[in-house]
Amino acid sequence: SDPEYGGSTKSVNTPRLVDSLHGIFIVQAAIGHFFTAVLSREGRIYTFSWGSDAKLGHQTEPQDQTPQLMKGALEHVPVVQIAAGYCYLLALGCQPSGMSVYSVGC
């Protein structure tokens, strides 16, 4: 069976809670070709993947089906919106000098 986002390897044919996001208040989700990104109310991005071509900004294995906090340049920048493309993620970060756009992926 195909891996299911959020930490399970079972196929899921009906909607169900992603248990690995328990306790994180999610305000937005963005879906790329083989990855998902979610944005928390605190402005943090979590990514998880079924693909094998990218690490999605969290410095773990490419096929990481458990949501991981995105590390790097956005680690200390509150994000207010995300958008996903085929193999990349854009994030709108709130800086003291104004809004900035960040990109990760191909």
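**Entry 1: Leu92**

I started with Leu92 and found this residue in strand β6. The model is predicted, and I kept that in mind throughout.

Next I listed what Leu92 touches, leaving out residues up to four places away in sequence. Pro78, Val79, Val80 and Gln81 are on the list. Met99, Ser100 and Val101 are on it too. I also checked Leu92 against Tyr102. They sit 10 residues apart in sequence, and their C-alpha atoms are 6.4 Å apart in space.

**Entry 2**

I then followed β6 to its partner. Strand β6 covers residues 88-95, and strand β7 covers residues 98-105. How many bridges join β6 to β7? I counted 8, and the two strands run antiparallel. They form a hairpin with 2 residues between them.

**Entry 3: a surface patch**

Val101 came up again here. This residue has its place in β7. With a relative accessible area of 63%, Val101 is exposed. Which residues make a nonpolar surface patch with Val101? I found Tyr88 and Leu90, and the patch comes to about 270 Å².

**Entry 4: the open sheet**

I turned to the other strands. Four of them make an open sheet in the order β1-β2-β3-β4, with antiparallel pairing. Why is one side of β1 and of β4 left without a neighbour in the sheet? Strands β1 (26-31) and β4 (68-69) stand at the edges, so each has a single partner strand.

Strand β3, residues 45-49, is joined to β4 by 2 bridges, and the two run antiparallel. Tyr46 has Leu69 as its bridge partner in β4.

**Entry 5: the core**

The largest nonpolar core has 12 residues in all. Among them are Ala30, Phe35, Ala37, Leu39 and Ile45. Met70, Leu74, Val77 and Val79 belong as well, and so do Ile82, Leu89 and Ala91. Which elements give two or more residues to this core? I noted β2 (35-40), β5 (79-84) and β6. Strand β2 gives the most, with 3 residues.

Beyond four places in sequence, Leu74 touches Arg44, Ile45, Val79, Ala91 and Tyr102. Ile45, Val79 and Ala91 are listed in the core too.

**Entry 6: the salt bridge**

How many salt bridges does a search of the whole structure find? I got 1. The side chains involved are those of Arg41 and Glu42, at 3.3 Å from N to O. Side chains of opposite charge can pair when their charged atoms come close. I checked both for exposure. Arg41 is exposed at 53% relative accessible area, whereas Glu42 is partly exposed at 47%.

**Entry 7: the whole chain**

Last, I took the overall values. The protein chain has 0 helices and 7 strands. Of its 106 residues, 32% count as buried. The chain exposes about 6400 Å², and carbon and sulfur atoms supply 54% of that area. I also looked at contacts with a separation of 6 or more: residues 24 or more positions apart account for 36% of them.

How values were computed:
Residues are numbered from 1 along each chain as its sequence is written. This is a predicted model: local features need pLDDT of at least 70, side-chain atom pairs count only at pLDDT 80 or more; totals for chains, interfaces and linings use all residues. Side-chain values use heavy atoms; hydrogens and water are left out. Two strands pair if DSSP finds at least two bridges between them. Helices (H or I, at least four residues) and strands (E, at least two) are DSSP runs, numbered from the N terminus. A salt bridge is a side-chain nitrogen of Lys or Arg within 4 Å of a carboxyl oxygen of Asp or Glu. Buried means under 20% relative accessible area, exposed over 50%, partly exposed in between (1.4 Å probe, protein chains only). A nonpolar core is a set of buried Ala, Val, Leu, Ile, Met, Phe, Trp, Tyr and Cys residues joined through side-chain atoms within 4.5 Å. Contact means heavy atoms within 4.5 Å. Patches are made of residues with over 30% relative accessible area and no salt bridge: like charges are joined within 9 Å, nonpolar side chains (Val, Leu, Ile, Met, Phe, Trp, Tyr) within 5 Å. Accessible areas come from the Shrake-Rupley method with a 1.4 Å probe; for residues, only the protein chains shown count as cover.
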